[in-house]
Amino acid sequence: MTPREIIAEAWAITKREVSIRRWAFTSSFFETLLSLKLLIYQIYFAWKYFGGAGGAGFFDVEILLYQRIPFWAFATIITIFILMVLIELFIPHLCLGAIIGLGAKAHRKEEVRGGLVLALYNFFPIFAIHELLVLSGFSTLVTASSVILRYIDPALTRPSIGMLVTLFVVTNILKFFLSFAEEGVVIRKHGLFNSIGRSFKLIVSHLSHIMFLLLLLFVISLRVLINTLMVLLIPGIVIGIAFVLALFFSAIISYVVAGIVGLILIFIASYFFAYLHAFKQTVWTLTYMELSAQKDLDIIEM
């Protein structure tokens, strides 16, 4: 298949297969929730750090809640918060195995079912691959930079952030060469290191053919841009609604209504992210299947 045919087939599968979009929606929803939590915390820390209001403690928000609300309400909120963070950290890794496997089945004209099995059986190797690339995420970079600014000696701040940015760049380069590692785990059932090695070999061997990835990278950049804008807009909209309602209603009613509106906005945003996420991953899946079916360039005779 040519790059254009791969992209057309991936988009057709994305529009046709509801089950793939459901897994992509679930992944996008929890990724957005986690990004919002990180953003809200970093906005607070930035306000405390740059606003001249004093240093920001790591558990300032939790301490404030403990002091202002009954203990049972505090314990409930913290328990739900911790559970949600754990879910948001792990669910996207589960969803990726299902999206890859179901996309491959759709391409092979097989029955598109078994998403839960694909998610569970491929979770640990996919999670391990993503942990190797944990510093490639922009939210991770911002969070780590925030910790450095608040807790590292000022004399070491610049070198530490410079090293962090260097690791961020290097990890993203490594991430590019590991682009097919998850597909190797799900489709070929390769082990962790075998999948990483095969991914690197496929990228290097077919680098000229993979020029269509420029288009894919554009789609990814578009998704990241939209995601960033939405993540930035949602807290602003929610806070604005809360302030306006607080002028007419009690604080509890204002916060509840603002929270419901924010949740609705997250659902709407995740619906659109699901199409882009499913499409992007299906392009990678089809590309892996096409390239891995070809003979390796270092093999002369079979």
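**Close-ups of a predicted model**

**View 1. Ser-136 and the residues it touches.** Once its neighbours within four places in sequence are set aside, Ser-136 is in contact with Phe-168, Thr-171, Asn-172 and Lys-175. Ser-136 sits in the loop between α6 (123-132) and α7 (138-151).

**View 2. Two Phe rings in helix α6.** A search of the whole structure turns up 15 aromatic pairs. Here's one of them: the rings of Phe-123 and Phe-127 have centres 5.6 Å apart and planes at 25°, so they count as stacked. Both residues belong to helix α6 and are four residues apart, about one turn of the helix. In general, an α-helix has 3.6 residues a turn, so residues three or four places apart point the same way. Phe-123 is buried, at 11% relative accessible area, whereas Phe-127 is partly exposed, at 23%.

View 3. Now for a tilted aromatic pair: Phe-180 and Tyr-288 are 5.9 Å centre to centre, with 50° between the planes. How buried are the two partners, in relative accessible area? Phe-180 comes in at 1% and Tyr-288 at 2%, so both count as buried.

View 4. Ile-210 lies between α10 (192-205) and α11 (213-246). With residues up to four places away in sequence left out, Ile-210 touches Phe-180, Leu-202, Ile-203 and Leu-291. Ile-210 counts as buried, at 5% relative accessibility. Look for Pro-3 as well: Pro-3 and Ile-210 are 207 residues apart in sequence, yet their C-alpha atoms are 8.0 Å apart in space.

**View 5. The buried face of α10.** Helix α10 has 14 residues and runs 20 Å from its first C-alpha to its last, close to the 20 Å expected at 1.5 Å a residue. Its buried residues are Ser-195, Ile-196, Arg-198, Ser-199, Leu-202 and Ile-203. Seen down the helix axis, these buried residues fall within an arc of 165°, so they line one face of α10. Leu-202 and Ile-203 are among the contacts of Ile-210 from the previous view.

**View 6. An aromatic cluster.** Trp-11, Tyr-271, Tyr-275 and Phe-279 are joined into a cluster by ring pairs.

Definitions and conventions: Residues numbered from 1 in each chain as written. Predicted model: local features only at pLDDT ≥ 70, side-chain atom pairs only at ≥ 80, totals over all residues. Heavy atoms only, no water. Buried < 20%, exposed > 50% of the residue type's maximum accessible area, 1.4 Å probe, protein only. Contact = heavy atoms within 4.5 Å. Expected span 1.5 Å × (residues − 1). Arc of directions from axis to C-beta. Phe/Tyr/Trp six-rings, centres within 6.5 Å; stacked < 30°, edge-to-face > 60°.
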